[in-house]
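Reader: Hi! Could you walk me through this model? I'd like to start with the overall fold and then go into details.

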Amino acid sequence: MSEELRRSNEELCRDLQTRANEREGADQEPVTSPKEFPMSFSQEIVDVAIPATLVGPKVTFTGTEGPEAHLTAFHTQMMLVGGSGAVRCKLFMSTLAGTAMDWFISLPDGHVTPFPQLTKLFRAQYIANRAPPFVSYDLFDVRQYQGESLKEFLHCFGA
């Protein structure tokens, strides 16, 4: 009887192991390389390594915000951590998401050389997202309401 139980137990163990192996194979996706796309940076930017101690900026641009606000936030954070122009190019790319990343990927191979060129291309692409500048006739809508103090009115006027 014990011999029969031992064989049955071994058979069940083999069956469980086979099923576990099949399940692991089904859970894992086939290994494929990431989508290949042209590298918009020049080779000298690609070759520059980002120091491991450097903390990247914590801003994200999706393509719907104003470009100046994003560039200001990026420059401010980069001033704190430093880095060469090539490092700034690589880190700037890491702040792009969605349609902004699609735009960046669509740039020709080796097109971006210095960081100022990248910011110029970025501004040109997203110029339509800029807030329109104030003009003098916008001031005609500013009125002091009845019961509003002069101090409150001047605060609103200044804003």
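Author: Happy to. A quick definition to begin: helices (H or I, at least four residues) and strands (E, at least two) are DSSP runs, numbered from the N terminus. On that basis the protein chain has 7 helices and 0 strands. Its pattern along the sequence reads α-α-α-α-α-α-α.

Reader: Thanks! What are the ground rules for the numbers here?

Author: This is a predicted model, where local features need pLDDT of at least 70 and side-chain atom pairs count only at pLDDT 80 or more, while totals for chains, interfaces and linings use all residues. Residues are numbered from 1 along each chain as its sequence is written, and side-chain values use heavy atoms, with hydrogens and water left out.

Reader: Where is confidence lowest and where is it highest?

Author: pLDDT is the predictor's confidence in each residue, from 0 to 100. The protein chain averages 78, and 79% of the residues score at least 70. Confidence is lowest in helix H1 (residues 2-27), with a mean of 69, and highest in H6, at 88.

Reader: Good to know. What share of the residues is buried?

Author: Buried means under 20% relative accessible area, exposed over 50%, and partly exposed in between (1.4 Å probe, protein chains only). Of the 159 residues in the protein chain, 23% are buried.

Reader: What about contacts between residues at least 6 apart in sequence?

Author: Contact means heavy atoms within 4.5 Å. Among the contacts of that kind in the protein chain, 68% join residues at least 24 apart.

Reader: Let's zoom in. How many salt bridges does the count give?

Author: The rule asks for a side-chain nitrogen of Lys or Arg within 4 Å of a carboxyl oxygen of Asp or Glu. That gives 1 salt bridge. The partners are Arg123 and Glu68, at 2.5 Å, N to O. Arg123 sits in helix H6 (residues 115-125) and Glu68 in helix H3 (residues 67-81), so the pair ties together parts that are 55 residues apart in sequence.

Reader: Are those two side chains buried, exposed or in between?

Author: Arg123 is partly exposed at 34% relative accessibility, and Glu68 is partly exposed at 33%.

Reader: What else does Arg123 touch?

Author: Not counting residues up to four places away in sequence, Arg123 touches Pro67 and Leu71 as well as Glu68. Arg123 and Pro67 are 56 residues apart in sequence, yet their C-alpha atoms are 5.9 Å apart in space.

Reader: Switching topic: how do H4 and H6 pack?

Author: Helix H4 (residues 85-93) meets H6 at an angle of about 35°, with the axes 8 Å apart. The axes are lines fitted to C-alpha atoms, for helices over the stretch in contact, and angles run from 0 to 180 degrees between N-to-C directions.

Reader: Which residues make that contact?

Author: H4 contributes Gly85, Arg88, Cys89 and Phe92, while H6 contributes Phe115, Leu118 and Phe122. They divide into 5 nonpolar, 1 polar and 1 charged. Here Ala, Val, Leu, Ile, Met, Phe, Trp, Tyr, Cys and Pro count as nonpolar, Asp, Glu, Lys and Arg as charged, and the others, Gly among them, as polar.

Reader: How many residues of H4 are buried?

Author: 7 of its 9 residues, so H4 is largely enclosed by the rest of the structure. They are Ala86, Val87, Arg88, Cys89, Lys90, Leu91 and Phe92, and they pack against helix H2 (43-47), H3 and H6.

Reader: Last one: how buried is His70?

Author: His70, in helix H3, is buried with a relative accessible area of 5%. Leaving aside neighbours within four places in sequence, the contacts of His70 include Phe92 and Phe122.
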